[in-house]
Amino acid sequence: MKSRFSHKSFRILALATLLMSGQACKDVLKETVISAIPNDYINTPKGFEDASKAAYSSLRNFYASERGLTMTEYGTDIYQAGADGSYKGFHFYDTQMNSFVDIIQQVWEELYRGINTCNAVIERAPAATVSDATKKLRVAEMKFLRAHYYFILVQQFGGVDLRLTETILPTKKTSRATETDIYKSITSDLESALADLPTVKASSQGSSDYGRATKSAAEHLLARVYLTKATSSAKAADDYSKAATYAQNVISNYSLKLLPDFASVFAQGSGEINDEVIFSVQYTTDPLTNMNTANTNNGDGNKLHLYFGMQYDVQPGMKRDIANDRPFKRLRPTTYLLETVFKDRVNDSRYKKTFKDTWLSNNPGTNLNTSFDNSKAKMTLKAGDTAIYIPGVEWTVAQRAAKPYQVLVPSAYTAALFPTLQKFLDPTRPDLTYEQGSRDYLAFRLAETYLILAEAQFKSGKTTEATAAINAVRRRAAWPGKESAMEITPAQLDMEMIMQERARELAGEQMRWFDLKRWGNLVERVKLYNPDGAANVKETHNLRPIPQTQIDRTEGGSASFAQNPGF
Amino acid sequence: MMYSVRNGENLNPYNFTLQQNPLGRPYDDNGNLIFSPTNDALLTNPLAEVVPGAQVENRKKYRIFNSIYAEVNILDGLKYRVNFGPDFTINRYGRFIGAQTNARKGGDPQAQTASAFGFNYTLENVLTYNKKVGDHNFGITALQSIQRDNFEQNNISVQGVPAESQQFYNEGNASSVLGVGSGLVQWTINSYMGRLNYDYKDKYLVTATLRRDGSSRFGENTKYGNFPGIALGWNISNEDFMKGSTWVDLLKLRVSRGSVGNQGVAPYQTQGLLGRTVYAFGTTPAYGYRPETIGNPDLRWETSTTTNIGVDFSLWRGRVTGAIELYQTKTTDLLLSDLLPTSIGFNAVTKNIGETQNKGIEVSLSTVNVNTKGGFKWTSDIVFSKNSEAIISLFNGPVDDVGNKRFIGKPLTEFYDYKKAGIWQTSEADAAKSYQSAVGQIKVQDTNGDGKITADDRVFLGSDIPTWSGGITNRFSYKGFDLNFFIYARVGQTILSGFHRDNNQLAGRYEQIKVDYWTPNNPTNEFPRPNSSQEFPVYNSAIIYFDGSFVKVRNINFGYTFPASIASKLRMQSLRIFSSIQQPFIFSSYRSKYNGVDPETSDGTVSNGVTPATRVVTFGLNVKF
């Protein structure tokens with residue numbers, strides 16, 4: 001017998017071998033998930049709650065993201081192309097907006113993940129070991145979210161894949177439902193959720209429930225859905241009256257109130273929770289709850305502070321800082337928005353409160369070369385001096401020369417220089433480059449409810465009531481003492497007034513493209529007011545291209561899942 | 001036992017440096033770095049990245065591995081052996097990004113650490129029995145083995161490190177936590193194998209093998225796969241009738257056919273797992289869990305069956321030696337990710353998808369071309385290979401799968417995209433307009449001729465698999481001098497150029513790769529007209545594919561060894577001086593015509609972050625005492 005080892009050590013090794021290979025027979029190949037969570041966790045009480053929380057997170061994909069903003073404000077009558085950025089096809093309506101664009105795919109994928117999560121909670125609820133009250137409440141919340149996601153999808157893409165059951169096995173069989181089917185599902189989800197949702201207004205929700213669906217949120221969404229459905233292929237005769245009823249309920253039943261000052265609606269921090277907010281998408285200052293680093297498609301902070309800024313940072317006397325934010329200059333207000341919609345600046349405070357017009361020097365110097373203001377060649381600035389001022393109207397050279405700073409007049413506006421929407425600026429970010437802003441995104445607020453009511457009533461021929469509704473919004477927007485001057489008479493109310501009022505009140509709030517589509521005048525108004533989109537916009541642009549991945553991966557390809565016309 | 005430290009594994013400011021505005025000044029009059037050389041806030045000074053301490057990336061690896069065995073002869077020719085191979089790894093990763101860097105642009109410094117602990121062991125029980133009966137030699141091997149792998153890791157990343165000198169060594173001092181994580185991955189393979197060797201007078205050789213492998217990664221009822229193999233050899237030069245041959249030294253014919261299993265999927269693919277979501281209600285965290293992956297309980301082994309015919313030969317007393325291999329590999333139950341329409345709430349599932357076939361030839365040849373009595377010798381080594389890959393069938397049989405970009409008869413890595421037909425020229429303004437394009441923009445091939453560009457116009461653009469590749473080494477020696485060089489060629493593959501995708505904005509903001517772009521006075525069909533208000537040219541995916549063929553001189557070595565008499569006078573054992581050049585020449589149209597850097601890539605994509613091919617010239621002196 002030859003061995004490198006002594007007999008004793010050989011025996012020990014042989015014994016160890018026997019022990020280890022004895023275990024090998026049966027269980028050794030069993031795979032046990034330890035650091036991940038298997039699917040059946042959702043069947044536990046805690047898992048049921050966690051899945052319902054997960055369903056909310058998909059809101060962040062669309063609201064207050066570059067994706068949602070691009071698909072709602074670009075290429076409208078109020079916003080045209082800024083100098084920088086991707087996704088210019090949404091401004092120009094050219095071939096850059098096609099079925100391969102990543103943001104379209106991202107929105108589609110994440111909203112459907114949200115829908116599948118809602119489906120999972122709703123389907124597993126009957127067997128869930130939680131109290132009946134919790135069960136009912138969570139199911140109602142899931143229906144609110146599922147309807148919300150389908151409402152975004154149907155407006156953007158038309159009839160999409162209608163899936164109301166949890167996906168258990170992989171499948172490639174998908175198809176397009178009609179818009180009517182989708183709307184039927186949306187209204188039925190929302191109306192059946194009403195009974196079980198809390199009647200408390202958002203600002204009175206418990207601090208650990210703030211941001212969950214409420215009955216007022218569902219009613220606001222129903223009002224918007226019926227208003228939109230009324231001009232869709234799914235329209236019914238009573239759509240406007242239903243929209244008006246739900247809007248009126250929101251206004252009357254929950255002691256919600258318009259804040260006295262338009263500017264305070266966009267106060268950051270504790271001001272984000274107020275009596276005007278019906279439903280808001282939640283963002284926080286804590287990176288751990290504000291972004292999903294494992295999947296930024298699921299949530300990456302409020303990014304709207306990035307996109308509306310003009311290029312102040314390369315101007316003399318200025319450099320980029322936290323307070324003035326990162327100026328991505330993606331969208332530039334159209335002349336129509338600035339000169340027509342916001343024409344009244346004497347009575348209406350919203351031009352001044354919507355746009356930032358003054359920049360104070362943070363990079364002082366002497367004999368700085370001026371850039372866009374040709375009324376002077378040099379200027380000297382101390383820290384804190386005004387460096388840039390946008391009067392909003394033309395000034396003569398002499399008027400400008402009299403000022404020690406640069407004056408940006410409308411004739412000098414460019415794709416990089418323009419009044420900057422300040423609703424979303426976020427000076428509380430921890431540092432200059434930080435993108436994940438913390439503002440809640442106010443998805444539904446009472447001012448819009450009034451405007452929905454006004455539009456629904458006007459369309460139903462109730463001009464006097466509609467005028468009262470729109471005046472509620474206009475009075476609040478007045479400079480102090482100008483309230484009655486802001487009021488309009490029923491004779492002054494027409495669709496143009498409603499369309500302008502929505503722009504004045506809601507500019508930048510991820511609404512305009514939906515509005516134009518609802519009014520059926522996207523093409524007309526882009527041709528009239530948006531010089532970038534005018535050349536190419538067509539009726540087919542009332543729908544976005546279906547993501548190519550959806551079509552290519554579906555069994556049967558485009559024969560089973562047709563692309564929208566024109567793409 | 002091993003210990004290693006590696007710095008900067010992912011740090012490469014090359015790509016970022018390429019984008020710099022040439023009008024910027026890197027240093028002020030006092031020689032200090034200017035952090036923002038121009039007023040473009042994104043283009044910070046790349047030299048700031050290499051200031052010591054600004055960017056730290058450091059990995060320490062410890063590894064302890066061993067191979068312990070014991071062997072016992074039970075009977076004459078019957079042996080039992082046990083092998084035990086434990087392998088411990090510890091891995092610590094540290095990362096620090098200071099404020100004065102492009103990533104932070106003056107923001108708070110960030111730090112990150114990650115640690116990983118691995119324990120892998122293999123335990124094999126082997127029985128062998130060898131027996132010689134006359135001219136017959138038998139060998140039998142029986143093996144049982146188990147391999148188990150445990151991998152644990154944890155990580156944390158923080159922001160707001162107070163003092164930059166702390167780097168990543170005190171994350172507790174940071175002002176906020178960006179993320180924390182830990183994880184455990186385990187897998188096991190359990191195998192049985194039997195092998196029979198037989199030869200007769202070393203003339204006829206047979207090896208028959210049967211393996212049965214089980215993997216924890218597969219489904220409950222599909223964990224095990226059987227993989228047989230047989231190999232036959234005929235050593236013709238050992239036959240009596242060849243004994244008299246004056247020119248054949250060795251001639252051996254080999255034929256084999258065998259299967260191997262591939263378990264190439266990550267663990268836990270058979271089960272549906274939840275993914276974590278992040279949300280909040282007010283300031284209260286509302287982390288959630290939702291269905292993230294869809295499990296496939298039927299996952300099983302991917303099997304590659306290779307048939308191989310080979311000849312080994314040596315002729316004229318070693319003047320010509322070499323081998324020729326012909327092979328065909330059929331891979332069935334291919335394990336691949338199957339992309340799903342995302343409206344179902346999932347993106348992909350891992351599946352046994354279909355069947356591919358690889359066919360090819362490999363030739364290696366060594367020759368002694370000249371060997372004079374005067375001491376001049378010239379030898380060559382030649383290798384040549386040619387491989388073709390084709391998908392035979394997919395999940396639904398021989399049907400193309402556009403969603404996964406897999407096509408019957410094409411390799412798995414086929415590029416499928418829009419094809420550039422040229423650039424719209426001034427005379428084609430109307431046609432360009434009808435395609436919603438404009439003069440100077442990329443003209444995409446309207447493959448189906450329907451007057452618009454849609455997804456149906458995508459075409460096959462080639463794959464990263466070369467038509468052939470080969471190399472030749474020539475060695476010359478004369479008296480003390482020696483010279484050799486190695487030339488390598490790869491021909492016929494298509495590459496995707498990251499430089500032409502990501503460093504070809506044609507928008508004027510970033511410095512970019514030099515291309516032949518269209519202007520009214522330069523009506524080229526190569527690259528489109530620059531446009532200051534674009535992020536990238538429209539349809540720029542049509543200008544990123546190139547012929548990746550190349551010929552490289554990999555190295556040239558030249559040396560002189562002094563005669564022993566001279567060396568010994570200098571009290572040396574030997575003395576040699578030499579010079580070598582690594583990669584002195586690369587010939588490729590991707591380089592010469594399109595200013596690419598190095599067309600050689602392992603996966604068909606030339607990354608724009610890649611460090612350029614370097615040419616290293618060495619002069620050396622080799623002295624032995």
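## A salt bridge between the chains

B:R104 and A:D431 are joined by a salt bridge, with their closest N and O atoms 2.6 Å apart. The model is predicted. Between chain A and chain B, 6 salt bridges are found. Polar contacts link 35 residue pairs across this interface, both partners at pLDDT 80 or more.

Several elements of chain A take part. The largest share, 9 residues, comes from α6(A). By residue type, this side of chain A divides into 37 nonpolar, 35 polar and 25 charged.

## Extent of the chain A–chain B interface

How many residues does each chain bring to the contact? Chain A brings 97 and chain B brings 89. The two chains bury about 8100 Å² between them. Carbon and sulfur atoms account for 57% of that area. On the chain A side, A:L29, A:E31 and A:R553 lose the most area to chain B. Together these residues make up 10% of what that side buries.

## Two domains in chain A

Chain A is divided into two domains. Domain 1 is made of two segments, 39–302 and 442–559. Domain 2 covers 312–435. A:D431, the chain A partner in the salt bridge to B:R104, has a number within the domain 2 range. The C-alpha centres of the two domains are 32 Å apart.

In the contact, 44 residues of domain 1 of chain A meet 35 residues of domain 2 of chain A. The two domains bury about 3300 Å² between them, 55% of it on carbon and sulfur atoms.

Domain 1 and domain 2 of chain A share 6 salt bridges. A:E66 and A:R330 also meet in a salt bridge through their side chains, at 2.4 Å from N to O.

On the domain 1 side, α4 (66–70), β1 (79–81), α16 (463–476), α17 (483–486), α18 (495–506) and α20 (522–529) of chain A each supply at least two residues. The largest share, 7 residues, comes from α18(A). The residues of this side divide into 20 nonpolar, 11 polar and 13 charged.

## Two domains in chain B

Chain B also has a two-domain assignment: domain 1 (1–200) and domain 2 (202–264 + 297–412). Their C-alpha centres lie 30 Å apart. The contact takes 14 residues from domain 1 of chain B and 18 residues from domain 2 of chain B. About 1400 Å² is buried between these domains, with 43% on carbon and sulfur atoms. Three tyrosines, B:Y192, B:Y198 and B:Y200, supply 31% of the area that domain 1 buries against domain 2, more than any other three residues.

How many salt bridges cross between the domains of chain B? The count is 0. Polar contacts are found there, in 14 residue pairs with both at pLDDT 80 or more. The side of domain 1 of chain B that touches domain 2 of chain B divides into 7 nonpolar, 5 polar and 2 charged residues.

Note on methods: Residues numbered from 1 in each chain as written. Chains lettered and ligands numbered in written order. Predicted model: local features only at pLDDT ≥ 70, side-chain atom pairs only at ≥ 80, totals over all residues. Heavy atoms only, no water. Domains from an automatic or database assignment. Contact = heavy atoms within 4.5 Å. Buried area = accessible area lost by both parts, 1.4 Å probe. Salt bridge = Lys/Arg side-chain N within 4 Å of Asp/Glu carboxyl O. Helix = DSSP H or I, 4+ residues; strand = E, 2+ residues; numbered from the N terminus. Nonpolar A, V, L, I, M, F, W, Y, C, P; charged D, E, K, R; others polar. Polar contact = N/O pair within 3.5 Å; in protein donor to acceptor, adjacent residues only side chain to side chain.
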